[in-house]
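I am opening a notebook on this structure. The entries follow the order in which I looked things up.

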Amino acid sequence: MNRKFRSSLAVLVVFCMAVAMMTACATAPPEAPPPAPEPAAAPAPEPAPTPEPEPEPEPEPEPEPVMLLIGAAMSLSDVITELSEMYVNENPHVTLEHTFAPSGALQTQIEEGAPIVIFMSAAASQMRNLEEQDLIYGEGRNVVRNTLVLVVPANSDIDISGFEDVASDAVKIFGTGDPETMPFGRFTREVFTELEILDQVEPKFVFGSDVRQVLTWVETGEVDAGTVFMTDAVTTPSVRVVEAADPALHSPSVNPVGIVETCEHKEEAQKFVDFLFSDEAREVFERHGFKMF
């Protein structure tokens with residue numbers, strides 16, 4: 001009996017344990033699914049290559065200093081001095097030096113090897129003479145025109161009204177330039193020749209060393225009258241212009257410029273010559289009484 005009881009009790013215990021296990025299984029929450037694998041992180045972008053800095057542009061080399069000697073007719077002295085200052089201010093590596101003299105004297109200096117590299121004449125003939133000797137690089141170019149004028153002292157009461165009156169007794173001493181070397185002297189002789197009074201006026205001639213000396217003689221009354229260029233007459237209130245010569249009575253009064261063949265800095269010389277034809281230079285020329293071509 002006890003054996004059966006023990007056997008039944010054991011079966012009961014086993015049954016109860018099985019029921020309990022089944023109940024536990026039925027009531028236990030389902031296991032959570034395993035977490036989804038995290039997506040693989042995108043690879044970090046490679047850093048953009050740092051651009052290499054552009055090389056600094058090399059500074060342009062400073063131009064080498066250059067000295068140019070300008071030989072110009074005396075009647076151009078004021079305007080060329082002013083234009084040279086303007087040019088050097090914009091081109092500080094260039095030094096411009098000047099020699100002012102009668103055109104014929106400058107021609108002779110160039111023929112004899114003077115270091116003039118830019119020639120500016122008061123007439124075409126001197127430039128042409130140098131061109132014919134192959135002493136001018138290329139050809140000269142006419143820059144401006146000038147006007148021959150008859151002048152008397154500003155305070156003079158001399159009774160003359162034109163070139164023809166120089167033959168009168170009112171004029172005893174007449175200042176002008178040597179017609180062989182000075183364009184204004186040659187133009188003067190041509191005017192009196194065309195007026196057919198050269199024989200009457202020529203004995204009254206005294207020749208100045210250049211046009212500015214004749215201007216000074218007229219200013220101070222050392223001569224009764226004289227001829228100069230208009231560009232000289234306008235520089236002083238001490239003379240009075242009586243008459244401007246008719247251009248048809250004399251050779252063209254032009255001012256050409258040319259580069260001397262022996263110039264060692266032709267490129268720099270050409271730049272200055274080109275400057276003389278600029279609008280900026282035109283204003284200066286016209287203010288000094290010249291007329292541009």
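I started with rings: those of Phe, Tyr and Trp (its six-membered ring) pair if their centres lie within 6.5 Å, and planes under 30 degrees apart count as stacked, over 60 as edge-to-face and the rest as tilted. My search of the whole structure gave 11 aromatic pairs.

I noted the basis of the entries. The model is predicted, so I took local features only at pLDDT of at least 70 and side-chain atom pairs only at pLDDT 80 or more, while totals for chains, interfaces and linings use all residues. Numbering runs from 1 along each chain as its sequence is written, and side-chain values use heavy atoms, with hydrogens and water left out.

**Ring pairs**

I looked up Phe187 and Phe229, an edge-to-face pair with 6.3 Å centre to centre and 75 degrees between the planes. The pair links distant parts of the chain, 42 residues apart: Phe187 belongs to helix α5 (residues 183-194) and Phe229 to strand β8 (residues 225-229). Helices (H or I, at least four residues) and strands (E, at least two) are DSSP runs, numbered from the N terminus.

Phe187 is buried at 0%, and Phe229 is buried at 3%.

I then found Phe285 and Phe290 in an edge-to-face pair, 5.8 Å centre to centre with 80 degrees between the planes. Both are buried. I also recorded one aromatic cluster, formed by Phe163, Phe174, Phe192, Phe205 and Phe207.

**Charges over rings**

I counted a charge as over a ring if NZ of Lys or CZ of Arg is within 6 Å of the ring centre and within 35 degrees of the ring normal. Arg141 lies over the face of Phe277, 3.8 Å from the ring centre. Lys266 has its charged end over the ring of Tyr137, at 5.3 Å from the centre.

**Cores**

I took a nonpolar core as a set of buried Ala, Val, Leu, Ile, Met, Phe, Trp, Tyr and Cys residues joined through side-chain atoms within 4.5 Å. The largest has 66 residues, of which Leu83, Ile118, Phe192, Leu276 and Phe285 touch the most other members. A second, separate core of 10 residues includes Ala101, Ile110, Phe119 and Val260.

**Whole chain**

The chain has 10 helices and 11 strands. Of its 293 residues, 40% count as buried.

Technical notes: Buried < 20%, exposed > 50% of the residue type's maximum accessible area, 1.4 Å probe, protein only.
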